Every structure is written in structure tokens, then in C-alpha cells.
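Me: I am new to this structure and would like to go through it with you. Could you show it first?

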Amino acid sequence: MEQRPLGSTGYDVSAIGLGTWNVGPVWADASDEQAREAIRTALDAGVNLVDTAEVYGEGRAERLIGDVLEGRDERVYVPTKAAPDEDERHSEEGLRESVAGSQERLGVDSLDLIQLHCPETAAFYEPETFDVLEDLKAEGEIDHAGVSVEKVEEARKAIEYDVVETVQIIFNPLRQRPAERFFDEAEREDVGVIVRVPLASGLLADAFDGDEEFDDDDHRKWAVEDGVEAGVGRKGGETFAGVPFEDGLAAVDDMRRLVPEDATMAQFTLRWILDHDAVSTVIPGSTSPEHVEENAAAADLEPLSHETHGAVRDAYEAHVADYVHHRW
């Protein structure tokens, strides 16, 4: 597995990581053992970064990661995320409670990386929040700090604070603005980029032929039936990467011809993301060992051609740019 530096953290992380958002309440159910097996499969495939958050299954994902890592010898980095308070910002009390809870569930004394979990935009203009992160680092409660964001503008503001060493952001063939407006800045400032929601809730895994029968509590059903703004994230920006379902299907149909014979659409998508040098790691999530292995293997694919990247851009502009480029 290719490894890349995670900004200024000193960590060398696998180009493909594992996300654990799907061990939570807005996806189809997976048993504890299914989730553990997915994590073990990722580690055996060379993944050394498993991203999580305290809200994923109300701490369930963190506990399961802690279970799997207990007794294993290899170095595995576990970035987690602190949920905002009810006002969608981060108080000192809330941050300290989040850090302590994550430490307990993961079974560690200090967190590898704590990230603010998509607070509202105003939070990025409150220096006192980032002062708390500095204090937590000085106290040895966390090793490094970063942010998870909804918008490019939030990412650009966040890296003005010295304590922010990583940014987690949505980026894929259906959400291309970060490459235009953020990646150069991240490289200049030596900020690690963690790409989340890379497969656009399954759209870019070519998992759907049309309207699907999702479970009632699956956020994708809300977005298909009630429109993208009914999905999760600020104004639905995370479900299907903020793209209307039918338009996303049309874009995938347009790109399918570009996929190499020895790759799946999901692998093609992950390779496309990794072709951007600013990206440190990509964190697709799955509780299927088969899919986890497939995703990890994407790092072994040859970089895509300039012509292929141009064709992906054409599909983006033809089908989805008008919905997402100006918003996120």
C-alpha cells in the first residue's frame, strides 16, 4: 500500500484508509462482528488509518475500533471527530468531554488526531475554539488537531490557525471545487487532506441502476424521495455529494466508458482522487470485506491519463457542476 505524509503531523498514512460513518444510524444495519471484520480486513490489506467520530453509532464505531486494535502490533492511526454543541459550535467544555469520551472508547491516553466535526461556518471565525485545541495538545490529551468541513471556504479559513494540521473534505468526480480553490493552499501550508464521502453514497461505486429501495432510516432514501436537501450534511451536501440522484446517475453513465478493464467504478473513482497530489488519504467506508479489499486495491492502479481526467471534468460540467460547484 502506498503511503503519503499527512501534512505536518509526521504520520505516513496509507493512500486508502477506512471510514466508519456507516457504523451508524443513517445506513443499513451492520452487526458488531461485521464491522469488526471490515476493520480487520482493511488492516490486513495495508490500511493504517481508520477514521471515525464520536457520533458514529453514538460511540459504537470508536468502541469497535478499540476492540480490533487491542492486541495488534502494527501502528494504526485513528483520527476521530468531536461533535459540535447544540448551537453547532464547539465550547471548551464540549470539546474536553468529546476528547475524554473518545479516549475511553478507543482505549488510549491521547488521541492521534481530533477533528472538529463540521460545525457551522461561524465557528471557523472563533479563535477561542482553536485555542482550546492548542491547550489540549499542550496537555498531551491529543497529538494533533484538524477539521472536517462542508465548504471549501471553511477549509481555507481553518488553515489560518497553526494548530490545524489536517482538513477532511468531500472531493470526488461529482464534487471538484476543492481542487480548484483549496488544494494549492493546503500544499503550501503543509496541511494534510483527508478525502471523505469519496464514492458519493454509492453513486460512484456504480451501485444503483435507478431508484433504489433503501431502508426507511437510510439517508439516501430521504434524498431520493424528498430531494437532495433532505439528505445529511448542511442542506444535504453529504448525501450523493449534494447532487440530485438522477443527475448523479447520468454523470456515472457518462463516465462508465472511462473505467479501465481491470478496475471497478469505485476503484476508478478512488484512483482519480489519488491522482491529485494534495490528497493524503481517501477514506471510503464499507462493512463488506470484499468491498474493503477492492477499495484498498485501488491504490495499486496506474494513474489515469490527462485525457481521462479531462473527460471526467466534461461529465462533471455537463451533469452536476451547476448544482454543487458554487455551493460547496
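Me: What volume does the second largest pocket have?
Reply: The second largest pocket has a volume of about 290 Å³. This is a predicted model, in which local features need pLDDT of at least 70 and side-chain atom pairs count only at pLDDT 80 or more, while totals for chains, interfaces and linings use all residues. Residues are numbered from 1 along each chain as its sequence is written, and side-chain values use heavy atoms, with hydrogens and water left out.

Me: What counts as a pocket, and how is its volume defined?
Reply: On a 1 Å grid over the protein atoms alone, a pocket is an open set of points where a 1.4 Å probe fits, with protein on both sides within 12 Å along at least five of seven lines; lining residues have an atom within 4 Å of a point. Points are joined across faces, edges and corners, and the volume is the space filled by probe spheres set on them.

Me: Which lining residues are closest to the centre of the second largest pocket?
Reply: Of the 17 residues that line the second largest pocket, those are G66, L69, L106, G107 and V108.

Me: Which element gives the largest share of that lining?
Reply: Helix α2 does, with four residues; helices here are DSSP runs (H or I, at least four residues), numbered from the N terminus.

Me: Changing topic, which residues of α1 meet α2?
Reply: In α1 they are D32, A35, R36, I39, R40 and L43, and they meet R60, L64, I65, D67, V68 and L69 in α2; contact means heavy atoms within 4.5 Å.

Definitions and conventions
Helix = DSSP H or I, 4+ residues; strand = E, 2+ residues; numbered from the N terminus.
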